[in-house]
Every structure is written in structure tokens, then in C-alpha cells.
Amino acid sequence: MIEVLSLPPLATVQDLGRPGHWAQGLGRAGAMDPLAHRIANWLLGNHETAATLEIPLTPARFSFAEDTVFAIAGAACGATLDGVPLARNWAGAAKEGQVLALGPMTEGARVYLALAGGIDVPEMLGSRSTQSREAFGGFDGRVLRPGDQLRACDGQTTSAKPLSCAMPALRGSDADAITLRVIPSAETDQFSAASLDAFWSQPYSVTPQSNRQGCRLDGPALQRETEGELRSHGIAPGIIQVPGGGQPIIQLADAATMGGYPKIACVIEDDLWRIGQARPGDRFRFTAIDLSQAREIERNTQAELDRIRTGLQKARELQKGWS
Amino acid sequence: MPDTGLFPIGSRALTYQVDCPFDLDHQRRFWAMAEEVSQWDGVCEAVPGMTNLTLRFAQVPADLDDLDARLCALWDSGRQKDLTGKVLEIDIVYGGAGGPHLGEVAELTGLTIDDVIKRHAAPAYTVFAVGSHAGYCYLGGLDPMLETPRRKIPLQSLPGGSLSVAGLQTGVSASAGPSGWNTIGSAEVQFFDVMRDPAALLVPGDQIQFNPAEVIA
């Protein structure tokens, strides 16, 4: 069990989301960085669907009310356990009374805290994710506050040797910007040539108004040349909408399920984690791909995830052999 | 009119839209398509929008041309699903703090505030689609005289129960959240309750009748 000592009021319990209720208008919620969420769980031998705490803002401090096996993964935040530095993606045991401190984030934007066995919150409509707008799921449907206590599901272990691992790189060869691979959407061709040229060649910055609903960007204004309001249609996390003001918004995990602003492109599912780790001021560059390329990327991502998962599984088995 | 076709809205989600009039007759065809397409291999969900259909897949779909052809064939079949459900009466306070854009809508449409309200409360609206946020109902049948553009910059948060219009659409928000529509009134209704089964109060085919309980100009 772990108690929140201090924490900015934005952290929520999440898993891989609550798909399947689109017809009732329920968005999927879930971890903004599903990759770090998975790694935090795999470091502990948890199933990838176990609930974790998503922490988008630090500093934060937690104390362990009993011996607890836990993991952190995601943003670099100078984490310490009773003052001893921990690796960025790390799993191990804390003794009763020890304090986990997360410092300012220096790279990335979200840290995931996992407990062995998974965080024990009730499953609602097939998921343990916090449905922020509807205020249910997760920890009483709300953000965590100082004094809250998170318990692990039954069957947890209380001792473990430390384990850490590396994370796929957030940035590619372009250190100046995070590259997002996108597929053109219904209204792409309706934007002016100058707008499309800017969109494909210029970086767009993440603004501080970004959150789990959407990432609001700042860059060259995008003008649609076709008049007329669109009829509302389904939208999905990753869609890049352009309201009349001309600044694009990438809809994310807590976004609406339907909308009607013109869509210039959509970020592929496999790159959504990069948006989850982008900080205000970070810049995106958009690269156009088609669905067949997206399919190949999806296959490669799955292979990479399998490699990380089996690698961590083997490391855990080797550790058991030594003890 | 929208271009007919199948468009990616994500690597695992596609929207199928048709260049067709925006009315109940055509919406019934999308209801029929949603029912059938949700049974197709690889399709996790098929949800009707406003004379369009959105499909969610477990993986990036392989053959867009084949999907497009099958959807076109289904549309061309002309099959309709005739849903008729309950009628919900909702008391509305038009204008005031809960309807900050009522005056703006009157200006944009060239109508008096009284006329906006009279025209808005006249029809029994059919729930065309449920979406945006949990339990929210997109309604068809708005008087074309009340057509307004979406706001250039969406509002960060609007309380639940807000009655808004945009384009030829109108509806009452089910919970607090961002909105790009013009808000003309407010109501007290619980459109979604996770402890209820089904959680959403209304489904496509149900109807809403607005009752002007109060006007704050």
C-alpha cells in the first residue's frame, strides 16, 4: 500500500482504456502513454491491463504504509527512494515507511507508477481507467489527492530484486522535434496549398493548454478553403482537427467520440504515446504515410512490444534463479 | 454536402459518409448499416453519426478499397432501420448565464430572441445519434432558419445540461466539458448514469420535445 504525501491534482488511475462503449458516447480513456504503462507493469510481471497511476505533473511524494513491490516508468524525473536515486524505468521493493520522491521532469511528460498485482480499484464497464468527464472508474472517478491510499490487488509479492530497462526513443534523428506519422483525412485536400505546405514542413509547438482531452498546438495557421459546417461524425484519439481559428488540436484519450471540425490528418495509434510524453514547448513534425505503411508500423510495434515483454520476463526468471 | 467515401480518422478507425440530404429518411439507412457492419469480421464497433458511419477496428484495416465497395453496396441497397422509441420532455431555461450565446444566435440568424426560442421549441426532435460524450444525443430536425456556424475557438468547459446549436444540429450536453457550439439555454436531465443499465438514457430513434420553462433575455 502506498499513500500520497504530495501530488499536483492531475494524476489519475488508468489502464489500457475502456473501448466498446462508443455507441453510448463513452470515450476510451486509458493511459496517455500506453508504452510506459505496459513497461511499468511488465517490470513487475503484471499483465499489461493492470491499472497504474498516471502522473502528468511533479514533484510528488509517496510513502509506503507496508513493504511494497512497485515500479515506475516513463518521463525522467530524478526519482529517489529514501534519497537513493532510481533508474528511469525501475522496479523493486520498498520497505514500510520509505518515501518515493519524484522530482521535476527533465524529459517526457508522464510517469507511471505500478504496484505488483496492479492497483486495486473496481473494474467498471470492463476497465479500471478513470473516466474523467463522467467522473467514474479509476480512484472514485477523480484525480488523486494527498492522503489517498492506493492498494495492490491480492496475490502481490513483497520482495523483489531491482530491475530496470530502456525505453524506445521519443525522438528520431531530428533532435529538434518529435516526429509523428500521420494519415491524411477527409478534409486534407480542402486546405489551402500554403497551409498544407506549412503543415508538412513546419514544426508545431505543444501549448500549455494541452491535457488528456487534446493537445493544442501552435504554429502556422491552417486555412480551409471549402466553406460549410461538417455533419458530426465519429472521431478517435489521434485525429488532428482544425477549428476556424486555424490552430490544430490533436484529440487524445479523453476526447469526445464525435465531432465536426475539419480534419487535416490523423496520428497513427502507434505514435500516440509520443504525444503523451510531449511537454509544453516541445515541437512536432508531421510525416504523411498511408494505411498500408501504418499496417507495417503496427506489425513492427507489436514485435518490439513482444521483444520488451519477453526480455523483461527472462530477466525476472534469471533473477529468481540467482536467489 | 459531404464527399461520398471512406476516410481514415485514425489508423484503426474509418468514417464512411455519403453526399445525401440531412434528414431522417437517410439517417435510417445509416442505422441499418451500423447494425449490419458491426457484425463484419475485424470491425469492433460501427456507430452512426449524423448521416455517416464510423467503424473501429482492432488492427489497421488491410484493404480500404474492398471495404469501400462493400459499404457502397450496402448503402445502395437502400435498406432502412425504422427505430421508434420514447418521447422525453425537457424543461429549458433559454438565455441567461446558462445560455450565453442566445443573443448572438439571434443576431447571426436575423431573428428576434422570441422567434429563436419559438422555432427551437417547436419540433419533436429525433435522436439521430449518441456520442461526443457519454449519453449525449445528436438531434435532427432543427429549423434551417436557426443554422449557425461552430465557434471559431471552442470553449474549454461548459456545464452539463447546456442546450446548444451548431450547423443544422442541436442538443443538450450530458456532462461538463469543452464545446464549439453556441449555447442558448440549460436543462436538468441525467442523460448518462453508469449505475443504470443501459447507462445512456436515450438511444437513436427516441425523441425529445423542448418545453420553454423560462426565458432570460
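Of the 217 residues of chain B, 49% count as buried, in what is a predicted model. The secondary structure of this chain amounts to four helices and 13 strands, and its C-alpha atoms occupy a box of roughly 55 × 40 × 35 Å along the principal axes. A compact globule of 217 residues would have a radius of gyration near 17 Å, so the 18 Å found for chain B agrees with that expectation. Among the contacts in chain B between residues at least 6 apart in sequence, 62% join residues that are at least 24 apart.

The contact between the two chains draws 50 residues from chain B and 43 residues from chain A. On the side of chain B that touches chain A, the strands listed below each supply at least two residues, and the largest share, four residues, comes from β1(B).

| Strand of chain B | Residues |
|---|---|
| β1 | 5-10 |
| β2 | 13-17 |
| β3 | 43-48 |
| β4 | 52-57 |
| β11 | 177-179 |

By class, this side of chain B has 27 nonpolar, 18 polar and five charged residues.

In chain A, six strands form an open sheet in the order β7-β6-β9-β4-β1-β11, with antiparallel pairing. Because β7 (84-85) and β11 (149-150) of chain A stand at the edges with a single partner strand each, one side of each is left without a neighbour in the sheet. Strand β6 (residues 80-81) of chain A pairs with β7(A) in the antiparallel sense over two bridges, and Thr80(A) has Pro85(A) in β7(A) as its bridge partner.

Technical notes
Residues are numbered from 1 along each chain as its sequence is written. Chains are lettered from A and ligands numbered from 1 in the order in which they are written. This is a predicted model: local features need pLDDT of at least 70, side-chain atom pairs count only at pLDDT 80 or more; totals for chains, interfaces and linings use all residues. Two strands pair if DSSP finds at least two bridges between them. The radius of gyration is taken over C-alpha atoms; the globule rule is 2.2 Å times the number of residues to the power 0.38. A residue is buried if 20 or more other C-beta atoms lie within 10 Å of its own, exposed if 12 or fewer, and partly exposed in between; C-beta atoms are placed from the backbone. Two residues are in contact if their C-beta atoms, placed from the backbone, lie within 7 Å. Ala, Val, Leu, Ile, Met, Phe, Trp, Tyr, Cys and Pro count as nonpolar, Asp, Glu, Lys and Arg as charged, and the others, Gly among them, as polar.
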